[in-house]
Amino acid sequence: MKILKLYDFLPSGNSYKVRLLLTQMGMPFETVTIDILKGESRTPEFLSKNPNGKIPVLEIDTGKYLAESNAILMYLSEGTEFLPYDRFFRAQVLQWLFFEQSSHQPFIAKSRFWLSILGKPEEYRTAIEQQRDPGYAALKVMENHLMTHEFFVSDRYTIADIALFAYTHVAHEGGFDLTNFPGIKAWIKRVKSQSRYIPITQDINIE
């Protein structure tokens, strides 16, 4: 069987989602680093794999590529414990994946990128301030849910948790304070206690 190949940028939460799931599933894969800060995701070679010019991209087979982190999570988790079989619960997983990309990631991830990856807080000060209220609003939605649930769907660990965990657990790197979010903090600990957990800073190739 062909080894999966992940086109990856280590600090990226979107890439981390896929690394984490692949690792927890025990699936063999290799990573190819694409340094987005050097424009490597905008080269003709990379654009032939993903015309949108973004990472991650999963090479499933020769010439067969899949982009968008949450689409990759859905593809990989099909038929596994990470994606419920029940129709309603599956739809709830999708609900949280859509929430993550529309109401969460645009604010929390961007702030982290400007502050901790680019390291340009002054240059992006106004934009960062504009991310605060909608970012905290997304965290509040999560907090309200987690005050009465262990995980996001069916009280079990799924790709909904992986998708939301990726940028939430490093939200402080974007200037978001989780002190007043005890539900989120407890959930982060639960995610970190899952089998085969790896941190976002760990690059891994499973042979």
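Which side chain does the side chain of Lys17 make a polar contact with? Hi everyone, let's look for it together. Please keep in mind that this is a predicted model.

First, find Lys17 itself, which sits in helix α1, residues 13–25. Is Lys17 buried or exposed? Lys17 has a relative accessible area of 0%. Buried means under 20%, so Lys17 counts as buried. And here is the partner I asked about: the side chain of Lys17 makes a polar contact with the side chain of Ser69, at 3.0 Å.

Who else is around Lys17? Leaving out residues up to four places away in sequence, Lys17 touches Ser69, Asn70, Leu73, Glu100, Gln101, Ile162, Ala163 and Ala166.

Now for the nonpolar part. The largest nonpolar core has 50 residues, and the ones with the most contacts inside it are Leu76, Phe152, Ile159, Ile184 and Trp187. Several elements give two or more residues to this core, among them β1 (4–8), β3 (57–61), α3 (69–77) and α7 (182–192). Which element gives the largest share? That is α6, with eight residues. Apart from this core lies another one, of seven residues, including Tyr7, Phe9, Ile55 and Ala67.

Let's zoom in on Trp187. Again skipping residues up to four places away in sequence, Trp187 touches Met142, Leu146, Glu150, Phe151, Phe152, Asp161, Leu164, Phe165 and Thr168.

Two of those names come back with His145, which you can find in helix α5, residues 125–146. Beyond residues up to four places away in sequence, His145 touches Trp96, Phe151 and Phe152. His145 has 18% relative accessibility; the cut-off for buried is under 20%, so His145 counts as buried.

Last stop, the largest pocket. About 580 Å³ of space lies in it. The pocket is lined by 22 residues, and the closest to its centre are Asn14, Lys54, Ile55, Gln105 and Tyr167. Which helix gives the largest share of the lining? Helix α4, residues 87–117, does, with seven residues. Sorted by class, the lining has nine nonpolar, eight polar and five charged residues.

That's my tour. To see where we began, go back to Lys17 and its polar contact with Ser69.

How values were computed:
Residues are numbered from 1 along each chain as its sequence is written. This is a predicted model: local features need pLDDT of at least 70, side-chain atom pairs count only at pLDDT 80 or more; totals for chains, interfaces and linings use all residues. Side-chain values use heavy atoms; hydrogens and water are left out. On a 1 Å grid over the protein atoms alone, a cavity is a set of points where a 1.4 Å probe fits but cannot get out, and a pocket is an open set with protein on both sides within 12 Å along at least five of seven lines; lining residues have an atom within 4 Å of a point. Grid points are joined across faces, edges and corners, and a volume is the space filled by probe spheres set on the points. Helices (H or I, at least four residues) and strands (E, at least two) are DSSP runs, numbered from the N terminus. Ala, Val, Leu, Ile, Met, Phe, Trp, Tyr, Cys and Pro count as nonpolar, Asp, Glu, Lys and Arg as charged, and the others, Gly among them, as polar. Buried means under 20% relative accessible area, exposed over 50%, partly exposed in between (1.4 Å probe, protein chains only). Contact means heavy atoms within 4.5 Å. A polar contact is a pair of N or O atoms within 3.5 Å; within protein, one must be able to donate a hydrogen and the other to accept it, and residues adjacent in sequence count only if both atoms are side-chain atoms. A nonpolar core is a set of buried Ala, Val, Leu, Ile, Met, Phe, Trp, Tyr and Cys residues joined through side-chain atoms within 4.5 Å.
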